[in-house]
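Take a moment to look over the structure below.

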Amino acid sequence: MSDAAHAHGHHDEHSHGHPTGIMRWLTTTNHKDIGSLYLWFALIMLFAAGSMALLIRAELFQPGLQLTNPDFFNQLTTMHGLIMIFGVIMPAFSGFANWQVPLMLGAPDMAFPRMNNWAFWILPVAGLLLMTSFFLPGGAVAGGWTMYPPLFIQGGISYDLTILAVHIMGLSSIMGSINIITTILNMRAPGLTLMKMPLFVWTWLITAYLLIATMPVLAGAVTMLLTDRNFGTHFFNAAGGGDPVMFQHIFWFFAHPEVYILILPAFGIVSQVIPTFARKPLFGYASMVYATASIAILSFIVWAHHMFTVGMPVAAQLFFMFSTMLIAVPTGVKVFNWVATMWRGSMTFETPMLFAIAFVCLFTIGGFSGLVLAIAPVDIQLHDTYYVVAHFHYVLVSGALFAIFSGIYYWLPKWTGHMYDETLGKWHFWLSVIGMNIVFFPMHFLGLAGMPRRIPDYALQFTEFNQIATVGAFLFGFSQLIFLAVVLKAIKGGAKATDQVWEGAEGLEWTVPSPAPYHTFETAPVVK
Amino acid sequence: MMKASVWHRAVVGGIAGVFSQGALAEYAFNLQPPASQVAQDVFNLHNLIMLVCLGIFIVVFGAMFYSLLKHRKSKGHQAAHFHENTTVEVIWTVIPFVILMGMAYPAAKVVIDMKDTSNPDLTIKVTGYQWKWGYDYLNDDISFYSNLSTPRDQIEGTAEKGEHYLLEVDEPMVVPVGKRVRLLITANDVLHSWWVPALGAKQDAIPGFIRDSWFKADKIGTYRGQCVELCGKDHGFMPIVVEVVSEEDYAAWVAGKKGAAQVAVADDSKTFDMAEMMTRGEQVHLANCAACHQANGAGIPGAFPAINGSKVASGPIEDHVRLVMNGRPGTAMAAFADQLSDADIAAVITYQRNAWDNKSGDMAQPVEIAALRSGAESEAGAPAQ
């Protein structure tokens, strides 16, 4: 690897004294290295949090307590959620941003390379804090990823470690976002106006603003938890004049935009992939940009739809119901645009396209269940049931995660210089898409029938759908080993990728050689 | 065979469920059969929205899958190059907006109805505890706790699971049919949420605040629900059972409850012998303490302390009583002073000090608890030992 780095980094003084081995990765300021680090971190965390999910599903295969005790079960659901969100989806998108934003803009690197190094390297520290808390007295955090007090106040030392980890991950996201915004606004190639930028860059620009706006809110909320826990404050304790529900308002003011932080870059990836394999330009570029911005703005005024059951006044209930329903409009615009882009194209179905199509279809199912949940009276019935679990896994697994897979397959030839194994890729796709639906579709019925979420044991009428879901979970989980095999195989070798890689691909990243040299665009390209 | 029948039911039910109301209940592919007008309204609203979503899904993805089949390179289809069409984009923005307005109107009507808790016939205060529910009938001055009654060995898999596994309680909430019941919902320790699906009532229980909800059951019957807000270890083990009975049966139940309350008051001034204390104490321990400290008093290392062989159970009895009555602020150890009667506290203290390996030999009597209780109240707010 370091040889390649030397060979490509021929002209500037960095490459001469370039450290090798572990120090190369610890000290790297190269956007491609840092992008790879983010992606590997996300993959490792995916397997960690995925194993927790399989343990959860194994426990729920039948009624009764078999493998876990209730406290350990709660630790698993909590850590699965926290790690999947903060340790998998967000770092994976940061990895894409690091690799692709400079390549797509014709920039030599990110704006702040040293801060970029820090933004990544504090993440494993946070990951370690979370993972080691399993081995501390009392075990890991078991209060749910939403960290609601007063339950969160009751826990042991691992709860403080988790607060610290959340702070670190927030810091990492803020640094990453500042870097991305600065790069996008200042380092575009001459002629690359904002409205000519690839949609992936647009979605990340908007995502980065969301992160900067909401991460400090989360930091504030967890700091109040920390002082309530350790320093005798009463922000969320009614006995001291506080209010437990205030935490929920603050938390969801962060966490609803967070939901879009987890999906907007996915929209961006899919908007790159579909035109490439339909061999047809994106139907409505401008309206896609406006729709993304509308979703981001609306995301700040819908938070209390997560709280329809806390007992808000009628006016608040109605306001949050109407504003939430409104989000269906720009989201619909996006789906219609993707379908219109495919319409009368000349489509081929390589693995990135398959994942993108599955994304459009299955994400829309998650969108529909979201619309059902937006209707306040229906939400009151379904709140905190498996219906909600089904809903957010449709948008996060078949949404965010499938878009990540799509993006990896799409850009892997550019990153490694080798085509991935298409047969294995297709196996990965079909097993994932079938497995995913077997796990999560029956959960809609469980929720409708009245099964609460976050329970280690359930009444007998829920048995059959739970068994189906568990079978699907193991199919889906073990299929991801194929993905690991595909990635490792493509790194080791395979058919040589051309610069263009895909027949229909357009954009600056496809003008550089494959694999992309260590330093690219030392002289800015001119975009006409 | 088992697997085959699951799949058979899934497929047949899936198809039938879309088309026929009857199949919905049988295969549990939809909300539970409603037993109140609000639940019925929610049921109808959900069906309406599902139909609209299904229609949109078929149109949009019909178009997409048609395109996937016809517009492929392998079929020699040449890519068109059209993009950006303002008319189309305005249409597909306006149509969804209009559809949403159509949904918003009936939904808003139900919201307003659900929120109207005025003119109740009966008011019940519901309190969530880790991990049981407390019910106070404000009109009739009846109070009791409602604990999970599923035996431990069914949960651990050493006994056959009963029909209402995890959805059964020792004392259900009892209400008369056809009456507006207003619920004042709160919690004692952490967040809980009171939900009975068939009655269409769900409300979070928030410590320090009272929120209200209401229902009017249309049909006599037993309706089951669960706590739906994560409240710690035994979140999955605090079900709710509502018995809806005729007005006469309700009056009889109220009379019976008032009689039982008098016996409980009388117990608080009695003196018990050791055997009586140990029997009663074991029941109280199993219902209130065993969830954390375990039936054998061993606790869960690292999470919940042991009582068997502990300093508390062998030290001064007053400290033990105070700990049980006042709890340990900032931990899951609740204050039981208001939850248990003097006789129950005396019994459980006696039991814990003399059961398992604990052989202190001392015992508490209800009158001593009453004396400490007046002392404990003056100490309220002081940190527990």
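Predicted model: local features only at pLDDT ≥ 70, side-chain atom pairs only at ≥ 80, totals over all residues.

B:Asp141 sits in the loop between β2 and β3 (142-146) of chain B. Its phi is near 60 degrees, a positive value in a residue that is not glycine. Most residues other than glycine have a negative phi.

B:Gln294 also has a positive phi, about 70 degrees, and is not a glycine. Look for B:Gln294 in the loop between α8 (290-293) and α9 (311-314) of chain B. It counts as partly exposed, with 17 C-beta neighbours inside 10 Å.

Now step back to the domains. Chain B is assigned domain 1 (31-115), domain 2 (122-265) and domain 3 (269-379). The centres of domain 2 and domain 3 of chain B are 25 Å apart, taken over C-alpha atoms. Their contact takes 12 residues from domain 2 of chain B and 7 residues from domain 3 of chain B. On the domain 2 side, the residues divide into 4 nonpolar, 4 polar and 4 charged.

Next, the core. The largest nonpolar core has 278 residues. Among those with the most contacts inside it are A:Ile89 and B:Leu199. Helix α17 (residues 386-416) of chain A gives the largest share of this core, 21 residues. Beyond its neighbours within four places in sequence, A:Ile89 is in contact with A:Met84, A:Leu262, A:Leu396 and A:Ala400.

Finish with the backbone. Most peptide bonds are trans. A cis peptide bond joins A:Pro149 and A:Pro150, and another joins B:Gln130 and B:Trp131. A:Pro150 lies in the loop between α6 (123-132) and α7 (151-154) of chain A. B:Trp131 lies in the loop between β1 (122-129) and β2 (132-137) of chain B.

Definitions and conventions
Residues numbered from 1 in each chain as written. Chains lettered and ligands numbered in written order. Domains from an automatic or database assignment. Contact = placed C-beta atoms within 7 Å. Nonpolar A, V, L, I, M, F, W, Y, C, P; charged D, E, K, R; others polar. Core = buried A, V, L, I, M, F, W, Y, C linked by C-beta atoms within 7 Å. Buried ≥ 20, exposed ≤ 12 C-beta atoms within 10 Å, placed from the backbone. Helix = DSSP H or I, 4+ residues; strand = E, 2+ residues; numbered from the N terminus.
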